[in-house]
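Here is a short briefing to read alongside the model. Have the viewer open, and follow the points topic by topic.

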Amino acid sequence: MLLTTAIALVFFYAPNDADQGFVQKIFYVHVPLAIVALIGFVAAGVMGVMHLRTRDDRWDQRSYVAIHMGVIFGVGVLATGAIWARASWGKWWVWDEPTLVSFLIVFLLYVTYYPLRYSIEDPQRRARYASVFAITAGAFVPINFIAVRLAESLVHPRVLNQTAGDMPGEMRLTFLVALAGMALLYIALVKLELTSKHARYELRRLRRLLEEEDRPSGAAAQPIATVPAKPN
Amino acid sequence: MRAIAAIARKDLLVELRTKESVPAMALFAVTTFVIFHFGLDRDRLEGELAAGVLWVTLLFAAILGINRLFVAEREQGGFDGILMAPIERTSLLLAKAGALLVYLVALELIALPVFALFFIEEGFWEAVPRLAAVILLADLGLAVVGAMLASIAVHTRARDLLLPILLLPLTVPVVIGAAAATKPLLSVPLETSGVGKWLAVLALYDLVFGLLAYAVFDFLMED
């Protein structure tokens, strides 16, 4: 709903940017995507802490899905960012924009979550190591942004005040709606993925139960129907 | 404390007797300098290029050493022994980071003079005291983060494959800080302005990741 409103606002309400024109509207996709992805990464770190504290596998699952969605959003960020950069700076990629570079580094770091996660077999150890990774990487996100920004600000101090400071009211409203919409989309996707993961897990468990019951009682056993079916 | 010293001492003794890692790291660094000479087609380097070549080489050489330190330990069942001993898990982290620090300093004692010999025209020795501070802070960060990530990587199926891809993005701030601090020191003529700020960045990184590693390490060593 909110996302639809956001899209409508983007196209009909917000004024075209004075010197960038229509292309500037990608800003309403790009920036919320990036902000949501980064917050998602940090949240995954917090979930990692929760997992290590409680040893509850659900926190690990949440952390995993949060990172997973963050990486998918990250691909979107890099793609829309490249399109925008091409349109407004004439190049697909520029190195002197600290936000871009930091995001790329963070993205590269989080992509390594997958090989890490899938190369540990023991589920408990996997959950623990993945949580440790999520915490470390979550702490790394702000540090990395500081370091890259410092490195670049020697040459380009102007970017420091390039944030949402001087947006006209209509643009800001549109931006905020887009941000909220994107955040809700992220949360919805995380929820969806969690549910599907949970359902798959349940299904596997039930199937295993069925097989076990099949074996001792031979063919056409009766207790199959008594397996508790959990609606998902 | 005694456990830390004992483990670190063991690692260093093994290294002294086998001479496995540090010579390989040094050889790797020197060869990489030669590669850079041809790759960049430059006889002399200064300023940011010099800093970049130096730090990229040191970082990659460090990865070699970090991997060795942990894979060897795992292959020979050292982790199990340490886990069975009634000592704190964190002492393993500190011992490994300490041993790594010694490795890195030893590497730099060889690599830096060679680097100066190959690429630096003059004025290198005046920069050495400040350069040493930069290098020590960067080494500290590399050692701590390296020890933590290596103890993750070594327990996975991919083992030594995973360490570089985990370590490189995480050490980008170290490379940024170290290279930026080294750049004025290797400029002709020597400059010293702006070095302090980068030393502070490196120190901050060391502090944050030191604490973080200390906090999470217990969970890596549970079974």
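Where in chain A is the place of A:Ile120? It is in the loop between α5 and α6 of chain A. Please keep in mind that this is a predicted model.

**Around A:Ile120**
- A:Ile120 counts as buried because 20 other C-beta atoms lie within 10 Å, and the cut-off for a buried residue is 20 or more.
- Leaving aside residues up to four places away in sequence, A:Ile120 touches A:Arg125, A:Arg126 and A:Tyr129 in chain A, along with B:His155 and B:Thr156 in chain B.

**Chain A as a whole**
- Chain A has 7 helices and 0 strands, giving the pattern α-α-α-α-α-α-α along the sequence.
- Of the 232 residues in chain A, 33% are buried.
- Taking contacts in chain A between residues at least 6 apart in sequence, 74% join residues at least 24 apart.

**Where the chains meet**
- Chain A brings 25 residues to the contact and chain B brings 24 residues.
- On the chain A side, α4 (98–111), α5 (113–118) and α6 (123–153) each supply at least two residues, and α6(A) gives the most, with 15 residues.
- By class, that side of chain A has 18 nonpolar, 4 polar and 3 charged residues.

**The largest nonpolar core**
- This core has 125 residues, and those with the most contacts inside it are A:Phe133, B:Leu100, B:Val144, B:Leu149, B:Leu163 and B:Ala178.
- Helix α6 (residues 124–153) of chain B gives the most to this core, with 17 residues.
- Beyond residues up to four places away in sequence, A:Phe133 touches A:Tyr113, A:Leu116 and B:Ile152.

**A helix pair in chain B**
- The axes of α2 (residues 21–40) and α3 (residues 47–75) of chain B come within 9 Å and cross at roughly 150°.
- Angles over 145 degrees count as roughly antiparallel, so α2(B) is roughly antiparallel to α3(B).
- The crossing of α2(B) and α3(B) is right-handed.
- Residues making the contact include B:Phe28, B:Phe33 and B:Phe36 of α2(B), and B:Leu58, B:Phe60 and B:Leu64 of α3(B).
- The residues of this contact divide into 12 nonpolar, 4 polar and 1 charged.

How values were computed. Residues numbered from 1 in each chain as written. Chains lettered and ligands numbered in written order. Predicted model: local features only at pLDDT ≥ 70, side-chain atom pairs only at ≥ 80, totals over all residues. Contact = placed C-beta atoms within 7 Å. Helix = DSSP H or I, 4+ residues; strand = E, 2+ residues; numbered from the N terminus. Nonpolar A, V, L, I, M, F, W, Y, C, P; charged D, E, K, R; others polar. Core = buried A, V, L, I, M, F, W, Y, C linked by C-beta atoms within 7 Å. Buried ≥ 20, exposed ≤ 12 C-beta atoms within 10 Å, placed from the backbone. Axes fitted to C-alpha atoms, helices over the stretch in contact; angles between N-to-C directions. Parallel < 35°, antiparallel > 145°, perpendicular 65-115°, else oblique. Left-handed = near helix turned anticlockwise from the far one by under 90°.
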